[in-house]
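Here are some friendly notes to read alongside the model. Have the viewer open as you go through the numbered points.

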Amino acid sequence: MKETQKIFMQSFYKEIENAGIGERFIKGDGQKYYVISPHDEFERFFGRTADKRRKLYNGMIKCQLFMYFKN
């Protein structure tokens, strides 16, 4: 990943963390959320630990599927 891309992604995830996006998803509302991200610390920035994680590859890019489904 290019340095400019790393800087952009770091600032993007920082905005997610500051906005408390993960806290806005209400448990018990029956909704399921799935996020694919190459960032290893996505859960920390999102604000919630995933109920389940799966490793994926987007070409040669290691990613993870974060699943939020428990109520």
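**Notes on the predicted model**

1. The mean pLDDT of the protein is 81, with 83% of its residues at 70 or more; pLDDT is the predictor's confidence in each residue, from 0 to 100. Among the elements, S2 has the highest mean pLDDT (94), while helix H2 (residues 21-24) has the lowest (67).

2. A word on conventions. This is a predicted model, where local features need pLDDT of at least 70 and side-chain atom pairs count only at pLDDT 80 or more, while totals for chains, interfaces and linings use all residues. Residues are numbered from 1 along each chain as its sequence is written, and side-chain values use heavy atoms, with hydrogens and water left out.

3. The protein has three helices and three strands, and from the N terminus on they run α-α-β-α-β-β. Helices (H or I, at least four residues) and strands (E, at least two) are DSSP runs, numbered from the N terminus.

4. The three strands form an open sheet in the order S1-S3-S2, with antiparallel pairing; two strands pair if DSSP finds at least two bridges between them. Strand S1 (33-37) and strand S2 (52-58) stand at the edges with a single partner strand each, so one side of each is left without a neighbour in the sheet. From one strand to the next, the twist averages 20° (axes are lines fitted to C-alpha atoms, and angles run from 0 to 180 degrees between N-to-C directions). S2 and S3 run antiparallel and are joined by seven bridges. Arg53 stands opposite Phe66 in S3.

5. Now to the rings. A search of the whole structure finds three aromatic pairs. Rings of Phe, Tyr and Trp (its six-membered ring) pair if their centres lie within 6.5 Å; planes under 30 degrees apart count as stacked, over 60 as edge-to-face and the rest as tilted. Phe42 and Phe66 form a tilted pair, 5.0 Å centre to centre with 35° between the planes. This pair links distant parts of the chain, as Phe42 is in helix H3 (residues 42-46) and Phe66 in strand S3 (residues 61-68), 24 residues apart. Phe42 counts as buried because its relative accessibility is 3%, and Phe66 counts as buried at 0%; buried means under 20% relative accessible area, exposed over 50% and partly exposed in between (1.4 Å probe, protein chains only).

6. Which pair has planes at 40°? The rings of Phe46 and Tyr68 do, with centres 5.0 Å apart, so the pair is tilted. Phe46 lies in helix H3 and Tyr68 in strand S3, so this pair ties together parts that are 22 residues apart in sequence. Both Phe46 and Tyr68 are buried. Ring pairs link Phe42, Phe46, Phe66 and Tyr68 into a cluster.

7. Please look at Phe69 too, in the segment after S3. Phe69 counts as partly exposed because its relative accessibility is 28%. Phe69 and Gln31 are 38 residues apart in sequence, yet 6.9 Å apart in space, C-alpha to C-alpha. Leaving aside residues up to four places away in sequence, Phe69 touches Lys32, Asp51 and Lys52, where contact means heavy atoms within 4.5 Å.

8. Some totals to finish. Buried residues make up 25% of the 71 residues in the protein. Among contacts between residues at least 6 apart in sequence, 51% join residues at least 24 apart. The accessible surface comes to about 5400 Å², of which 53% belongs to carbon and sulfur atoms (Shrake-Rupley method, 1.4 Å probe).
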